Each structure stands twice: as structure tokens, then as C-alpha cells.
Amino acid sequence: MLPIAAVAVVCLWADEGMWLFNKFPKEMVAKKYGYQVTDAFLDHCAWVVRFNNGGSGSFISPHGLLFTNHHVGADCIQKLSSAERDYMANGFFAVSEADDGSVRTWR
């Protein structure tokens, strides 16, 4: 039974989790997601926050923009959604800082 459990654990291994700024997997992110994370970007991510649900994130702008995992923000996203604008189902983003108040769908 033990070998089967070991194989199951290996099969369930995830590449996500908390990535430390001093050991950020830049090569993996570039290969898997096609985005080059620079040292300058990581320097801007030096302010870490803890959300009420126990999740973590980082400020990435002086204007309060946060970078976190989707499930960490899900509670807040659901609370901001309405019958007309289901942000959990349709997503959202601001095209520019000036558009921050007018949410647009990304799908």
C-alpha cells in the first residue's frame, strides 16, 4: 500500500504556492506562462500583505494594486459582484489607471 500512496503524492504535486521574492522561480514562470519576471518587478513586490482569510499578497504599485492568487481574493470578488456583473464568472480588469472605476470583462 505504501508505494501506491507515494505515487499518489507525486502525481498530486503542484507548481503553485508561496514564491519567495529571494527565490522566485523566474525561469519556470517564463517557460510555463510566457512572462519574464525581472528583478526590478520583484523589487516593487517587496511589500507583503496578509488577507483576512489567511492568504497573502504583495503591493505592486504605490496606488494600492495587489498581486495575489485568485482564491485569496475570491471572497472580496464575490461581494463586489452583482446579478448584472458576475466578476467571478466573467473576470474583470481596468485598461488603465484612469479606467480603474469602470470594470471591463476579460473573456
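**A loop serine, then a hairpin**

Analyst: Let's start with Ser81, which sits in the loop between α4 (70–80) and α5 (87–90); helices (H or I, at least four residues) and strands (E, at least two) are DSSP runs, numbered from the N terminus. Bear in mind that this is a predicted model, where local features need pLDDT of at least 70 and side-chain atom pairs pLDDT 80 or more, while totals for chains, interfaces and linings use all residues. Numbering runs from 1 along each chain as its sequence is written, and side-chain values use heavy atoms, with hydrogens and water left out.

A polar atom of the Ser81 side chain lies 2.9 Å from the backbone oxygen of Ile77. Setting aside residues up to four places away in sequence, Ser81 also touches Asp86, Tyr87 and Met88 (contact means heavy atoms within 4.5 Å).

Now for the hairpin. Strand β1 (residues 47–50) runs antiparallel to β2, joined by 4 bridges (pairing takes at least two DSSP bridges). Between β1 and β2 there are 5 residues, and Gly54 in the turn has a positive phi of about 95°. Trp47 stands opposite Phe59, a residue of strand β2 (residues 56–59).

How covered are these strands? Phe59 is partly exposed because its relative accessible area is 31%, whereas Val49 counts as buried at 18% (buried is under 20%, exposed over 50%, partly exposed in between; 1.4 Å probe, protein chains only). Val49 is in strand β1 and, leaving aside neighbours within four places, is in contact with Gly55, Ser56, Gly57, Ser58, Phe59 and Leu66. Val49 and Leu66 are 17 residues apart in sequence, with their C-alphas 8.6 Å apart.

Notes: Polar contact = N/O pair within 3.5 Å; in protein donor to acceptor, adjacent residues only side chain to side chain.
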